[in-house]
Amino acid sequence: LFSASSLQGSGRVTAEVIEHLERLALVDFGSQEAVARLEKAIAFADRLRAVDTDGVEPMESVLEDRCLCLRS
C-alpha cells in the first residue's frame, strides 16, 4: 500500500499511511499527539536502520540476564 520512501525523509507520515496503520494495529491516531508519537517512533527506527550491523550475531532475546522459556 505504501513504500518505505513514504516513511523516510522528513519523518512525516501521510494520512494514507496513518489510516493503513490504524487498520493494521487497531490504534486510533486521531490526535496530533498520537501522530507526533508515531513520527518519533519512525524517526527512531530510521536511525536504528542506519547502524552498521554487519558481522553482529542476532540475540535470542533483548533480555540478556533472563532465561528464556521455550514454547511447545
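Mentor: The buried residues of H1 are Val-17, Ile-18 and His-20. Here "buried" means under 20% relative accessible area, "exposed" means over 50%, and "partly exposed" is in between, with a 1.4 Å probe and protein chains only. A helix is a DSSP run of H or I with at least four residues, a strand is a run of E with at least two, and both are numbered from the N terminus. Down the axis of H1, the buried residues fall within an arc of 165°, so they line one face of the helix. That arc is taken from the directions from the helix axis to the C-beta atoms. On the face of H1 turned away from its buried side are the exposed residues Ala-15 and Arg-23.

Before going further, note that this is a predicted model, in which local features need pLDDT of at least 70 and side-chain atom pairs count only at pLDDT 80 or more, while totals for chains, interfaces and linings use all residues. Residues are numbered from 1 along each chain as its sequence is written, and side-chain values use heavy atoms, with hydrogens and water left out.

What covers the buried residues of H1? The cover includes H2. Seen from the other helix, the buried residues of H2 pack against H1, where a contact means heavy atoms within 4.5 Å. The protein chain has 2 helices and 0 strands.

H2 has 18 residues and reaches 26 Å from its first C-alpha to its last, close to the 26 Å expected at 1.5 Å a residue. The expected span is 1.5 Å times one less than the number of residues. Buried in H2 are Ala-34, Val-35, Leu-38, Glu-39 and Ile-42. Viewed down the axis of H2, these fall within an arc of 140°, so they line one face of the helix. The face of H2 turned away from its buried side carries the exposed residues Glu-33, Arg-37, Lys-40 and Arg-47.

The largest nonpolar core has 8 residues: Val-13, Val-17, Ile-18, Phe-29, Ala-34, Val-35, Leu-38 and Ile-42. Helix H1 (15–25) and helix H2 (32–49) each supply at least two residues of this core, and H2 gives the most, with 4 residues. Such a core is a set of buried Ala, Val, Leu, Ile, Met, Phe, Trp, Tyr and Cys residues joined through side-chain atoms within 4.5 Å. In soluble globular proteins, nonpolar side chains tend to be buried together. Ala-34 touches Asp-28 and Phe-29, leaving aside residues up to four places away in sequence.

Now the charged side chains. A search of the whole structure finds 2 salt bridges, each a side-chain nitrogen of Lys or Arg within 4 Å of a carboxyl oxygen of Asp or Glu. One joins the side chains of Arg-37 and Glu-33 (3.2 Å, N to O). These two residues are 4 apart in helix H2, about one helical turn, and both are exposed. Another joins the side chains of Arg-49 and Asp-46 (2.4 Å, N to O); this pair also lies in helix H2, 3 residues apart. Arg-49 is exposed, at 52% relative accessible area, whereas Asp-46 counts as partly exposed at 22%.
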